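Please read these comments with the model open beside you, and look up each residue as it is named. They are written for someone who is new to reading structures.

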Amino acid sequence: PCNVVVLISGSGSNLQALIDDLRAGDTPARIQAVISNRADAYGLERARAAGIPAEVLDHKAFDGREAFDAALIERIDGYRPDLVVLAGFMRILTPTFVRHYQGRLLNIHPSLLPRYKGLHTHQRALEAGDAEHGCSVHFVTEELDGGPLVVQAVIPVQADDTPESLAKRVHVQEHRIYPLAVRWFAARRLQLGERGAMLDGQPLPATGHL
Ligand code: GAR
């Protein structure tokens, strides 16, 4: 089976969606551990409730990004992962880390990438007057939020939307597309090729909807 390690920093609702999906389906994947850089991340409780080892690696205990990422790699690799899933992990990762997990590191981002890399994506979509917003799963490369897209989901922006109401509806879609991407990867249908992400041996479009 596909050994998965999930990294979180917060609520862990995407982690929960993965736990529920793997429990319900016949995906050949197992979440071996959940690691948070914050001791107060609610996602740690979700992991424990599901019987998954939940660990904290506090970035503040390290002298710089390189030292933290080296320790994080050591922790993660103890679980021999085939896939590392970033699920609301709010740390920028070093090139060393990203290269180490090349082709087996996925992230979910709350915007229709390549729009709105970084933070405050819902507010920025509203300010821009966008008619559509959404979320993206992508392979992680050294370019922040810039790696090859795997799957996106689109929602219409409504006239009375606030950043909070948008975030809520985007979350519903995140919980749909992240388990899907993990299922594809676990079934060996999804790969990172030389020119981008590949599904069933076919290149995925640089931008695409689901
Ligand atoms: C999600 O909306 C995810 O897309 C976002 O953090 C949230 C985590 O929610 N990730 C990023 O902004 C990455 N830069 P969750 O903890 O409930 O899964």
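Predicted model: local features only at pLDDT ≥ 70, side-chain atom pairs only at ≥ 80, totals over all residues.

1. The mean pLDDT of the chain is 96, and 98% of its residues reach 70 or more. Confidence is highest in strand E1 (residues 2-8), at a mean of 99, and lowest in strand E10 (residues 202-203), where the mean is 95. For the complex, the predictor reports an ipTM of 0.99 together with a pTM of 0.97.

2. In soluble globular proteins, nonpolar side chains tend to be buried together. In this model the largest nonpolar core has 40 residues, and the members that touch the most others are Val6, Ile31, Val85, Val137 and Val150. Helix H6, which covers residues 163-186, contributes the most to this core, with 10 residues. Apart from this core lies another one of 18 residues, among them Val5, Phe68, Phe89 and Leu105.

3. Once its neighbours within four places in sequence are left aside, Val6 is in contact with Leu15, Leu18, Ile31, Ala33, Val34, Ile35, Val85 and Ala87.

4. Which residues are around the ligand? They are Ser11, Gly12, Ser13, Asn14, Gly88, Met90, Ile108, His109, Pro110, His171 and Glu174. An N or O atom in the side chain of Ser13 is 2.6 Å from an oxygen atom of the ligand, and for the side chain of Glu174 the corresponding distance to a ligand oxygen is 2.8 Å. With Asn14, on the other hand, the atom concerned is a backbone N or O atom, which lies 2.9 Å from an oxygen of the ligand. The ligand on its own has 450 Å² of accessible area, and the protein covers 86% of this.

5. The loop between strand E5 (105-109) and helix H5 (121-127) contains Pro114, and the peptide bond that joins Leu113 to Pro114 is cis, with omega about 15°. His120 is placed in the loop between E5 and H5 as well, and His120 has a positive phi of about 55° although it is not a glycine. Is His120 buried or exposed? With a relative accessible area of 57%, His120 counts as exposed, because the cut-off for that class is over 50%.

6. Arg188 is another residue other than glycine with a positive phi, in this case near 60°. Arg188 lies in the loop between H6 and strand E8 (190-193). The relative accessible area of Arg188 is 70%, so this residue is exposed too, again by the cut-off of over 50%.

7. Finally, please look at His100, which is found in helix H4 (residues 95-100). His100 counts as partly exposed because its relative accessibility is 34%, which falls between the limits of 20% and 50%. Not counting residues up to four places away in sequence, His100 touches Ile73 and Asp77. From C-alpha to C-alpha, His100 is 24 Å from Leu113 in space, while the two are 13 residues apart in sequence.

Note on methods:
Residues numbered from 1 in each chain as written. Heavy atoms only, no water. Core = buried A, V, L, I, M, F, W, Y, C linked by side-chain atoms within 4.5 Å. Buried < 20%, exposed > 50% of the residue type's maximum accessible area, 1.4 Å probe, protein only. Helix = DSSP H or I, 4+ residues; strand = E, 2+ residues; numbered from the N terminus. Contact = heavy atoms within 4.5 Å. Near = heavy atom within 4 Å. Polar contact = N/O pair within 3.5 Å; in protein donor to acceptor, adjacent residues only side chain to side chain. Areas by Shrake-Rupley, 256 points an atom, 1.4 Å probe, with all protein chains shown as cover. pLDDT = per-residue confidence, 0-100.
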